[in-house]
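Subject: Structure handover

Hello,

Here is the structure for you to look over. My notes on what was found in it follow below.

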Amino acid sequence: MNKGRVTMGILDDVTSLLGNAGGQAGGVLGAVQALISEQGGLQGLVQKLQSGGLGEQVKSWIGSGQNLPISAEQIQQVLGSPQVAAIAGKLGIDPQQAAAQVAQFLPGLIDKLTPNGQLPEGGNLLAQGADLLKGFLNR
């Protein structure tokens with residue numbers, strides 16, 4: 001399959017996911033991209049979430065069924081206060097709001113990044129799609 005076509009398809013899906021959430025959505029996407037990068041890629045973040053007790057939720061996001069929700073408290077617990085505070089700092093909001101926004105976007109984002117029910121090889125697909133989306137949002 002053409003890697004560029006896959007990336008553009010994911011970019012369309014991510015753009016659709018963000019919908020009319022406004023400029024804040026681009027900030028959340030950037031913060032989540034940084035989070036994924038800091039965890040060693042999408043696979044690293046998925047492993048962290050699974051080891052933090054969110055295995056059932058993550059499985060639903062990667063699979064083809066309905067995405068199970070997560071709460072801001074779960075994000076806070078799994079990522080930890082320093083990580084959530086760093087995200088909040090990037091977004092210019094308080095940590096509770098940052099955790100809530102990550103909890104809102106993360107299930108759909110991981111769902112869109114795993115269209116075949118599997119993690120992409122190398123886990124770098126998000127970075128490619130997010131870089132393209134940043135260029136689009138910054139126009």
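In helix α4 (residues 72-79), the buried residues are Ala72, Ile75, Val78 and Leu79. Buried means under 20% relative accessible area, exposed over 50%, and partly exposed in between, with a 1.4 Å probe and protein chains only. Helices (H or I, at least four residues) and strands (E, at least two) are DSSP runs, numbered from the N terminus. Viewed down the axis of α4, its buried residues fall within an arc of 135°, so they line one face of the helix; the arc is that of the directions from the helix axis to the C-beta atoms. Exposed residues Glu73 and Gln77 sit on the face of α4 turned away from its buried side.

This is a predicted model, in which local features need pLDDT of at least 70 and side-chain atom pairs count only at pLDDT 80 or more, while totals for chains, interfaces and linings use all residues. Residues are numbered from 1 along each chain as its sequence is written, and side-chain values use heavy atoms, with hydrogens and water left out.

Just after α4, Gly80 has a positive phi of about 90°. Helix α5 (residues 81-91) packs with α4 at an angle of about 115°, their axes 6 Å apart. Axes here are lines fitted to C-alpha atoms, for helices over the stretch in contact, and angles run from 0 to 180 degrees between N-to-C directions. Ile75, Gln76 and Leu79 of α4 make the contact with Ser81, Gln83, Val84 and Ile87 of α5, where contact means heavy atoms within 4.5 Å.

The largest nonpolar core has 32 residues, and those with the most contacts inside it are Leu49, Ile75, Ile87, Leu106 and Ile110. Such a core is a set of buried Ala, Val, Leu, Ile, Met, Phe, Trp, Tyr and Cys residues joined through side-chain atoms within 4.5 Å. At least two residues of this core come from each of α2, α3 (42-62), α4, α5 and α6 (95-113), and α6 gives the most, with nine. Leaving aside neighbours within four places in sequence, Ile110 is in contact with Leu42, Val46, Leu49, Trp61 and Ile62.

Ile36 lies in helix α2 (residues 23-38) and counts as buried at 4% relative accessibility. Ile36 and Val46 are ten residues apart in sequence and 8.9 Å apart in space, C-alpha to C-alpha.

Overall, the protein has seven helices and zero strands. Of its 139 residues, 42% count as buried.

Regards
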